[in-house]
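Keep the 3D view open as you read.

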Amino acid sequence: WALPPLPIMLLCGWLVWAAFFMMTLVRGFLELRSLRRFGLPWRHAQALADGLAAGVHRRIEVLLHESPAGPVTFGVLRPLVVFPADAQNWDEQDLERALVHELEHVRRNDWAIHCLARLTCALCWFHPLVWIASRRLTLEAERSCDDAVLKSFDAAAYADQLVWLARKRSKARKSPALAMANLSDLAQRVSALLN
């Protein structure tokens, strides 16, 4: 019994790991589909989003769901912002800041870019620079959306809100597999906000 040639073994190894990373993408899409299917419409936030959505030429649906610990935005043709169920008790300023941030993600098409980056990571899983670039892309997208919030709101209050959401998210069971924001990037984001 002879071992297969090295190129065949390398191809098989690449396929196995690529399939593993693709499965995490599929799991993420299924989680987001569930959020869309079982989320409840939130009329108050929907009215705010409709008023704040300048520069976005698509209708953005706003839902409530008990699963996410913080706001989650996804979708390209039918963008969706999902808030945790307790967001109904948030201060009006906190809600507006979160909406401005999430609507900026929609305006910039960050979710489509994020998915393409994750797909690239799945296909080029062996290359560390692909992972580094993907993480940097995500951080810069978050910082750009933070900058949009700072045009209308106080930096210190927004930084407090980010820290509060990060604490809440760290206590949560899990975050969606295709979530854009990372807890590990919070220090850089808050530092940039206060700088």
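This is a predicted model: local features need pLDDT of at least 70, side-chain atom pairs count only at pLDDT 80 or more; totals for chains, interfaces and linings use all residues.

How many cavities of 30 Å³ or more does a search of the whole structure find? The search finds two.

Now turn to a pocket. The second largest pocket holds about 210 Å³ of space. Which helix gives the most to its lining? That is helix α3, residues 92-108, with four residues. Among the residues lining the second largest pocket are Val100, Leu103, Glu104 and Arg107, along with Leu52, Ala53, Lys151 and Phe153. By class, this lining has eight nonpolar residues, one polar residue and three charged ones.

Next, follow α3 to its contact with helix α5, which spans residues 128-150. The axes of α3 and α5 are 8 Å apart, and the angle between them is about 125°. This angle is why the two helices, α3 and α5, are described as oblique to each other. The crossing of α3 with α5 is right-handed. On the α3 side, the contact is made by Arg97, Val100, His101, Glu104, His105 and Arg108, while α5 brings residues including Ala141, Glu142, Cys145 and Asp146. The contact of α3 with α5 contains five nonpolar, three polar and five charged residues.

Finally, look at helix α6, residues 155-171, and helix α7, residues 186-194. Their axes come within 9 Å and cross at roughly 170°. Are α6 and α7 roughly parallel or roughly antiparallel to each other? With that crossing angle, α6 and α7 are therefore roughly antiparallel. Helix α6 reaches its partner through residues including Ala155, Tyr158, Leu162 and Val163, and they meet Leu186, Arg189, Val190, Leu193 and Leu194 of α7. By class, the contact of α6 with α7 has eleven nonpolar residues, no polar ones and one charged residue.

Key: Residues are numbered from 1 along each chain as its sequence is written. Side-chain values use heavy atoms; hydrogens and water are left out. On a 1 Å grid over the protein atoms alone, a cavity is a set of points where a 1.4 Å probe fits but cannot get out, and a pocket is an open set with protein on both sides within 12 Å along at least five of seven lines; lining residues have an atom within 4 Å of a point. Grid points are joined across faces, edges and corners, and a volume is the space filled by probe spheres set on the points. Ala, Val, Leu, Ile, Met, Phe, Trp, Tyr, Cys and Pro count as nonpolar, Asp, Glu, Lys and Arg as charged, and the others, Gly among them, as polar. Axes are lines fitted to C-alpha atoms, for helices over the stretch in contact, and angles run from 0 to 180 degrees between N-to-C directions. Angles under 35 degrees count as roughly parallel, over 145 as roughly antiparallel, 65 to 115 as roughly perpendicular and the rest as oblique. Contact means heavy atoms within 4.5 Å. A crossing is left-handed if the near helix is turned anticlockwise from the far one by less than a right angle, and right-handed if clockwise.
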